Each structure stands twice: as structure tokens, then as C-alpha cells.
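Thanks for coming. I will go through one structure today, starting with a detail and then moving to the whole chain.

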Amino acid sequence: NPVDPECGCWTCRRHSRAYLRHLFLAGEMAYYTLATIHNLRRYLDIMRQIRQSILLGAFPEFLKTVRTQSVAAG
């Protein structure tokens with residue numbers, strides 16, 4: 001399975017969690033590169049959603065949704 005099935009980054013499309021775990025445990029530098037690719041994509045997606053919600057005047061609703069999702073996940 002990918003790190004995040006909803007993510008379309010190169011790391012999630014091409015590599016499994018098991019492979020990334022193997023790279024991490026083996027101390028391979030490739031792990032850090034792949035993890036960074038995923039993290040940057042996620043960060044940019046979040047920022048895109050924030051900008052869009054601000055432009056639509058729906059930022060307070062966006063924040064409520066994010067907080068609700070964070071509580072449910074944690």
C-alpha cells in the first residue's frame with residue numbers, strides 16, 4: 001500500500017510503505033528523498049486548499065473541517 005492512498009505524489013504512486021520502511025531501517029538516503037517528496041507534495045496541497053478557501057471566503061469553514069478531521073484521526 002502507498003503511504004497515503006489519496007496522495008498523487010511520485011513516492012505514493014511508485015513505492016509501498018513496506019519498501020519505504022525497508023529503506024529507513026537500512027539507513028538508505030533514498031528514504032529521506034522519497035519522504036521529502038511526499039511531505040512537500042502534502043504541504044503544497046494543504047496550502048492550495050487554504051488559498052482556495054480564502055478566495056472563496058470559506059476559510060473559517062475550512063478550519064472547522066480540518067480540526068474535526070484532526071480530532072477524529074488522533
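**A patch on the surface**

Let me begin with the surface, where F24, L25, M29 and Y32 form a nonpolar patch. Together these residues have about 450 Å² of accessible area. Two elements, α2 (17–25) and α3 (29–55), each give two or more residues to this patch. Please keep in mind that this is a predicted model.

Is F24 buried, exposed or partly exposed? The relative accessible area of F24 is 43%. Buried would mean under 20% and exposed over 50%, with partly exposed in between, so F24 counts as partly exposed.

Now the whole protein. How many helices and strands does the protein have? There are four helices and zero strands, and along the sequence the pattern reads α-α-α-α. The radius of gyration is 15 Å, while the globule rule gives 11 Å for 74 residues; the value is well over the rule, so the protein is more spread out than a compact globule. Along the principal axes, the C-alpha atoms fill a box of roughly 45 × 25 × 20 Å.

Next, burial and surface. Of the 74 residues, 18% count as buried. The accessible surface of the protein comes to about 5,900 Å², and carbon and sulfur atoms account for 59% of that surface.

Last, contacts. Taking contacts between residues at least 6 apart in sequence, 32% join residues at least 24 apart.

That is the end of my part.

Definitions and conventions:
Residues numbered from 1 in each chain as written. Predicted model: local features only at pLDDT ≥ 70, side-chain atom pairs only at ≥ 80, totals over all residues. Heavy atoms only, no water. Patch = residues over 30% accessible without salt bridge, like charges linked within 9 Å, V, L, I, M, F, W, Y side chains within 5 Å. Areas by Shrake-Rupley, 256 points an atom, 1.4 Å probe, with all protein chains shown as cover. Salt bridge = Lys/Arg side-chain N within 4 Å of Asp/Glu carboxyl O. Buried < 20%, exposed > 50% of the residue type's maximum accessible area, 1.4 Å probe, protein only. Rg over C-alpha atoms; globule rule 2.2 N^0.38 Å. Contact = heavy atoms within 4.5 Å.
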